[in-house]
Amino acid sequence: MKDIDMQLQITELGLIPVVVLDDAKDAKPLAEALCEGGLPCAEVTFRTDAAQDGIRIISEEYPDMLVGAGTVLTIDQVERAVWAGAKFIVSPGFDPEIVDYCLKKEIPVFPGCITPSEIAQAVKRGLRTVKFFPAAQSGGVGMINALAAPYVGLKFMPTGGVNPKNLSEYLSCKSVIACGGSWMVKGELVRAGEFDKIKEMTKEAVALVKEIRSK
C-alpha cells in the first residue's frame, strides 16, 4: 500500500521540487527553505556525486519530509538512494529491471513514460502513477490526455519544461496529480546559498498551486 500512500501525499502537494545538489552541505539549508516555504518535499537527482549524501542529510535532519531520488538509472542507485533514506524512486524512462526491483522491494517507483507501449508495461505491473518526461518536448497536456484516454485511472506527473506560466494547464488536467519543477530550486540559487530566495519562491509556488486548485 506504500505506493497508494505516496500518491496521496504527492497529490496533496501538487508540486515536487526537482533538486540538483553539487555539494551535500547545501542539503540541510535547502530542505529547511523548502519546508519553511510550505513544500516539504524534494526529488534529489542522482546526477551528481553529492546526491546520496544529500538525501541522507535531508532524511536525518527532516524525517517527515518527503524526499526521493530522481534520475535513477541503475539498481545500484536504487539501493544507495533507499539506504540514504529516499522514500520514492523516479527514473527518466521505463526500465523494466528497475521497476520490477522496486516493486519486489515495495519501494514506490515512478518511471518515465511517454508512449503507449511504455504505459502498457507500467499498467501491466500495477503502477497507478507514472512520470511524463520530458513533458514540454513530448506534447504536454495534449499528449497526456491522449495517453490517458485508453488507460483509464492512470495518473501522470509531468516534469521537464514545467514553469509558473504553464503550471495551471498541467494541474487543471484531471489525469495529473502533481508536477515536477525546478524553477524554485535553481542550481545557481543553491550554489550561491540564496536559501531565503528559494524559500520565498517556494512560498509563491505553493500559493500558485492553491490558487489553481481553487478554481
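The account below begins with the source of the model and the chain as a whole.

The model is predicted: local features need pLDDT of at least 70, side-chain atom pairs count only at pLDDT 80 or more, and totals for chains, interfaces and linings use all residues. Residues are numbered from 1 along each chain as its sequence is written, and side-chain values use heavy atoms, with hydrogens and water left out.

The chain contains 10 helices and eight strands, assigned as DSSP runs numbered from the N terminus (helices H or I, at least four residues; strands E, at least two). Its radius of gyration, taken over C-alpha atoms, is 16 Å, close to the 17 Å that the globule rule (2.2 Å times the number of residues to the power 0.38) gives for 215 residues, so the chain is as compact as a globular protein of that length. Along the principal axes, the C-alpha atoms fill a box of roughly 45 × 40 × 30 Å.

Of the 215 residues, 52% count as buried, that is, under 20% relative accessible area with a 1.4 Å probe, protein chains only. Among contacts (heavy atoms within 4.5 Å) with a separation of 6 or more, 60% join residues 24 or more positions apart.

Technical notes. Buried < 20%, exposed > 50% of the residue type's maximum accessible area, 1.4 Å probe, protein only.
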